[in-house]
Amino acid sequence: MHESTQIYDFPAWLRIGHYINFLLMSFLVRSGIQILADHPRLYWNVDCKPNSEWIKFTNRAVPTDRLYTSNDDEVNASPWIALPGGKHTLGVARFWHFFCVMFWVLNGVIYVTLLFSTNNWHRLIPDSWDVFPRALQTFLTYATFHLPAATEFRPYDALQQLAYAFVIFVMAPLTILTGIGMSPVVVGHWPWYQKLFGNRQVSRSLHFLIAVGWLIFFVIHVSLVIITGFSANMNRIVLGGMNGPNSLALGIGLMAIVFVILINALATWYSTKSPISIQNTLGHFTDRLMKTMFRRLTSRQEYSQDAISAYFWVNGRPPETAVYQQLRDGSFVDYRLIVEGLVEKPLTLTLDELKAMPRRTQITLHNCIQGWSGIAQWTGLPVSELLKACKPLPEAKYVVFHSFGEDEDGLEYYGTLDLLDARGPQTILAYEMNGTALPIQYGAPLRLRVETKLGFKMTKYLKSIELIADYRTIGLGQGGYREDRQYFGTIAGI
Ligand SMILES: Nc1nc2c(c(=O)[nH]1)N[C@H]1C(S)=C(S)[C@@H](COP(=O)(O)O)O[C@H]1N2
Ligand SMILES: [Mo]
C-alpha cells in the first residue's frame with residue numbers, strides 16, 4: 001500500500017458510529033423476532049386469512065370448528081435469539097425496538113451527514129460505471145475461493161463498495177419506510193402511505209425480508225473481515241490504523257464484541273425479571289415521543305366496499321360472566337350503556353337510544369399489535385356526540401371504556417383514551433359491522449373503534465364509560481388492561 005494513508009484513514013466518528021450501529025442492530029433484530037413470534041405469519045394481502053400467508057413460523061393449523069383467536073396463534077421464542085424471549089412478550093420487545101430505533105435513525109443521520117460533509121462519501125458512491133465489471137470480477141475471485149489483491153482495497157474493493165452503498169442508501173431507508181408503513185396512525189392519517197408498498201402486510205413482509213437481508217449482510221461482512229486478514233482489519237475498524245495487525249486494536253475490538261453480547265444478555269434477563277421497569281423507563285420515552293408526534297393526526301380513512309376483508313381475525317373471547325350471557329340471551333334488549341364519572345349529566349342508554357343518536361359509518365383498516373390486519377365497515381355513535389350529551393367536567397381528562405370481558409383471574413378488560421383521541425372524527429362506539437348487528441365475537445352489543453390506534457385500544461363488549469382525571473389512578477395505572485398486564489404502550493400509534 002503506497003498511496004497516502006490519509007485516504008484510507010477511518011475517522012473516529014465513523015468507527016464509533018459503526019460500533020453503535022452494531023449494538024443497536026443486535027437489539028433491533030432480536031426484538032423484531034419477538035414481535036414476529038406474536039403472529040408468526042407473513043402475508044402479501046391485507047386481510048390475513050389463515051393459509052393465505054406466504055410463510056409461517058408455526059406448525060399449527062387454524063381450526064375451523066371452534067373460535068380460534070390470534071392470541072392462540074402466538075409462538076414461543078427462545079431468549080437466546082429473541083429479546084426478551086418467551087410467549088406474548090411483544091410489549092416489552094416493542095419498547096426495545098422503538099427505543100433503539102430512535103437512536104439508530106439518529107446515528108444514521110449523523111453518519112450520513114458527516115459522510116457528505118467530510119468527503120468520505122467518495123468511498124461509497126462509485127464515480128464510474130466500471131465499478132460493475134470490477135465488482136463482478138471481485139465476486140468471481142471470491143466465488144472461486146481466492147482473495148482479491150491487496151491493491152484492490154482502496155479502501156474497499158468494488159464489490160464491497162457496492163454492497164456498502166446498497167445497505168446504507170437502499171436497505172436502511174427501506175427498513176425505516178417499511179417500518180413506518182405498519183403504523184396505524186400514519187396509514188390512518190395518510191392512507192396513501194401504505195400504497196407505496198401495496199398495503200400494510202407488504203410493508204410488514206418487506207420489513208422482515210430486509211431484516212433477513214441485514215443478517216445475510218452481517219454474516220458475509222464478518223466472514224470477509226475474518227478471511228481477508230482479521231487482525232489488520234480490526235486495526236482499521238477499531239483504531240483506524242492502516243499499519244497492519246495491532247494487538248491493542250484486536251483486544252479492544254474483541255472486548256467491544258463481548259460487551260455487545262453481555263449487554264444483550266443483561267437486557268434479556270432484566271426484561272424478563274422486571275418488564276414493568278422497561279415499560280416505565282423505555283416506554284416513558286417512546287410514549288412521550290409518540291404523543292407529541294401524533295397529537296394532531298386524525299384518522300381519514302375511506303376504503304371502498306370491495307376492500308372489506310372476507311376474513312377478520314378475532315382477538316379476545318366473548319365474556320363468560322352470567323350478566324353478559326343473560327344480556328346476550330335476551331338479544332341485548334336489557335342492555336344499558338352507563339356513562340358516569342366526571343360528567344355534568346350521567347347517562348344510561350339503551351341500544352335503541354344509542355342508535356337514535358347521530359351515527360357514522362366508516363370503512364377502515366384494523367391493525368392488531370400482533371401484526372395481522374383487516375378491513376371492515378363499522379357503524380356507530382361518534383364518541384364526540386356522546387361527550388356532547390354527557391358534558392365532561394373541566395377536570396375530566398381521560399375516558400375509560402369498561403368491558404364485560406374478564407380474564408381467567410376475573411380482571412376486567414378496559415382501555416383509556418385522552419379527550420383529543422376520544423373526540424377524533426373516526427372514534428365511534430360501533431353497533432354494526434359490515435352492515436349487520438355487531439357479531440358476538442367482534443364485541444356485541446357495542447365496541448370502541450379508534451382508527452388511529454392499534455386494535456387492543458378498541459374495547460369490545462362495552463359495559464360503561466367513565467370520565468376521569470388521570471388514568472394512573474385506575475387498574476394498575478398503565479392506561480388499560482393490556483398495558484397493565486402485558487406491558488403494552490398506551491399511546492399505541494405504531
Ligand atoms: N373486551 C375485550 N376487548 C378487546 C380485546 C379483548 O381481549 N377483550 N382484544 C383487543 C384486541 S388486542 C384487538 S386486536 C381487537 C380485536 O378485535 P376483533 O376481535 O373484532 O378482531 O379487540 C380489542 N378489544
Ligand atoms: Mo390486538
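**Note on loops, domains and side-chain pairs**

1. Proline 445 lies in the loop between β10 and β11. The peptide bond that joins alanine 444 to proline 445 is cis, with omega of about 5°. The model is predicted, and the points below should be read with that in mind.

2. A cis peptide bond also joins leucine 83 and proline 84, where omega is about 0°. Proline 84 is placed in the loop between β2 and α3.

3. One backbone angle deserves a separate entry. Serine 331, a residue other than glycine, has a positive phi, near 50°. Serine 331 sits in the loop that runs between α12 and β3 (337-341).

4. On the overall layout, the protein is divided into two domains: domain 1 covers 3-39 + 74-294, and domain 2 covers 305-486. The contact draws 20 residues from domain 1 and 19 residues from domain 2. Taken over C-alpha atoms, the centres of domain 1 and domain 2 are 40 Å apart.

5. The size of an interface is often given as the accessible area lost when the parts come together. Here domain 1 and domain 2 bury about 1,500 Å² between them, and 48% of that area is on carbon and sulfur atoms. Of the area that domain 1 buries against domain 2, 34% is supplied by His39, Pro184 and Arg200, more than by any other three residues.

6. Which kinds of polar interaction are found between the domains? Between domain 1 and domain 2 there are 10 residue pairs in polar contact, counting pairs with both residues at pLDDT 80 or more.

7. On the side of domain 1 that touches domain 2, at least two residues each come from α3 (90-117), α6 (184-189), α8 (200-227) and α11 (275-294). By class, this side of domain 1 has six nonpolar, eight polar and six charged residues.

8. Across the whole structure, 15 salt bridges are found. The side chains of arginine 41 and glutamate 53 form a salt bridge, at 3.1 Å from N to O. Arginine 41 is in strand β1 (residues 41-42), and glutamate 53 is in the loop between β1 and β2 (55-56); the pair is 12 residues apart and links distant parts of the chain.

9. The search of the whole structure also gives 29 aromatic pairs. In one aromatic pair, phenylalanine 312 and tyrosine 442 are arranged edge-to-face, with 5.8 Å centre to centre and 80° between the planes. Why does this pair tie together separate parts of the sequence? Phenylalanine 312 belongs to the loop between α11 and α12 (322-329), whereas tyrosine 442 belongs to the loop between β10 (436-437) and β11 (447-450), so the pair ties together parts that are 130 residues apart in sequence.

10. To return to the opening point, proline 445 lies in the loop between β10 and β11, and tyrosine 442 lies in the loop between β10 (436-437) and β11 (447-450).

Methods:
Residues are numbered from 1 along each chain as its sequence is written. Chains are lettered from A and ligands numbered from 1 in the order in which they are written. This is a predicted model: local features need pLDDT of at least 70, side-chain atom pairs count only at pLDDT 80 or more; totals for chains, interfaces and linings use all residues. Side-chain values use heavy atoms; hydrogens and water are left out. Domain bounds come from an automatic or database domain assignment. Contact means heavy atoms within 4.5 Å. Buried area is the accessible area (1.4 Å probe) that two parts lose on being put together, summed over both. A polar contact is a pair of N or O atoms within 3.5 Å; within protein, one must be able to donate a hydrogen and the other to accept it, and residues adjacent in sequence count only if both atoms are side-chain atoms. Helices (H or I, at least four residues) and strands (E, at least two) are DSSP runs, numbered from the N terminus. Ala, Val, Leu, Ile, Met, Phe, Trp, Tyr, Cys and Pro count as nonpolar, Asp, Glu, Lys and Arg as charged, and the others, Gly among them, as polar. Rings of Phe, Tyr and Trp (its six-membered ring) pair if their centres lie within 6.5 Å; planes under 30 degrees apart count as stacked, over 60 as edge-to-face and the rest as tilted. A salt bridge is a side-chain nitrogen of Lys or Arg within 4 Å of a carboxyl oxygen of Asp or Glu.
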